[in-house]
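Please look at the sequence and the structure below, and keep both in view while reading.

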Amino acid sequence: MCTWLSWGKYNNRYSNWPDTQTDFMLFYDDDYFRSHVWLWDGKKHWAYDTEFMILVRERKAIEWTPNVITSNVSIEDNIANIELHSITPSLNTYQVKEGDGDWRDVLSPLTIELMRDTNEVTFRAVNVAGVTGPEHKIIMVW
């Protein structure tokens, strides 16, 4: 008997029903995967040779840390346009803290007026259970 691991391509498998795009599965394309066949009800699994079985050669593509934020930042005059992205299961909100201020909820994308030569802004993702992700700091020099 073999054990198979697959990772869903989307992190909202149970909250976006009936969207059928959640059936995509990521498999680590290693020697073990290539030398074994995944059986389903005694036959080769239905996902083989379909768009739903996605083979991934880089472990970092499937072994990611949840709640981490990435950002796209553009600055025009003294206005920073910030777009946040996160693979946070059950994402509730993003939060921002400017300097030593308090955390407050924000929507993405957002704009921030740059007031000093160096502006430091920290973000974090918060899921519906109130669990916060690691801090994501942006330092903008204007």
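Pro109 is found in the loop between strand 9 (104–106) and strand 10 (110–113), where helices (H or I, at least four residues) and strands (E, at least two) are DSSP runs, numbered from the N terminus. The peptide bond that leads from Ser108 into Pro109 is cis, with omega near 5°. This is a predicted model, in which local features need pLDDT of at least 70 and side-chain atom pairs count only at pLDDT 80 or more, while totals for chains, interfaces and linings use all residues. Residues are numbered from 1 along each chain as its sequence is written, and side-chain values use heavy atoms, with hydrogens and water left out.

Two other loops hold residues with a backbone angle worth a look. Asp49, in the loop between strand 4 (43–44) and strand 5, has a positive phi of about 60° although it is not a glycine. Asp77, which has its place in the loop between strand 6 and strand 7 (79–86), also is a residue other than glycine with a positive phi, here near 55°. To describe how far such residues are open to the surroundings, buried is used for under 20% relative accessible area, exposed for over 50%, and partly exposed for what lies in between (1.4 Å probe, protein chains only). Asp49 is exposed, with a relative accessible area of 75%, and Asp77 counts as exposed at 63%.

Asp49 also takes part in a salt bridge, a term that stands for a side-chain nitrogen of Lys or Arg within 4 Å of a carboxyl oxygen of Asp or Glu. The partner of Asp49 is Lys44, and the closest N and O atoms of this pair are 3.9 Å apart; Lys44 itself counts as partly exposed, at 47% relative accessibility. How many salt bridges are there by this rule? The count comes to six. One of them joins Asp29 and Arg34, with 2.8 Å between the closest N and O atoms, and here Asp29 counts as buried at 10% relative accessibility, whereas Arg34 is partly exposed at 46%. Asp29 and Arg34 belong, together with Asp31 and Arg57, to a network linked by salt bridges.

Rings of Phe, Tyr and Trp (its six-membered ring) are said to pair if their centres lie within 6.5 Å, and planes under 30 degrees apart count as stacked, over 60 as edge-to-face and the rest as tilted. The structure holds five aromatic pairs. Among them is the stacked pair of Phe33 and Tyr48, with 6.2 Å from centre to centre and 25° between the planes. This pair links distant parts of the chain, as Phe33 is in helix 1 (residues 31–35) and Tyr48 in the loop between strand 4 and strand 5, 15 residues apart. Phe33 is buried, with a relative accessible area of 7%, and Tyr48 is buried as well, at 14%. Ring pairs join Phe33 and Tyr48 with Phe27, Trp38 and Trp40 into a cluster.

A charge is said to sit over a ring if NZ of Lys or CZ of Arg is within 6 Å of the ring centre and within 35 degrees of the ring normal. In another place, the charged end of Arg124 sits over the ring of Trp103, 4.0 Å from its centre.

The last stop is Val68, in the loop between strand 5 (53–56) and strand 6 (69–76). Val68 counts as partly exposed, at 35% relative accessibility. Contact means heavy atoms within 4.5 Å, and, not counting residues up to four places away in sequence, Val68 touches His85, Ser86, Ile87 and Pro134. The C-alpha atoms of Val68 and Glu135 are separated by 7.9 Å, although these residues are 67 residues apart along the chain.
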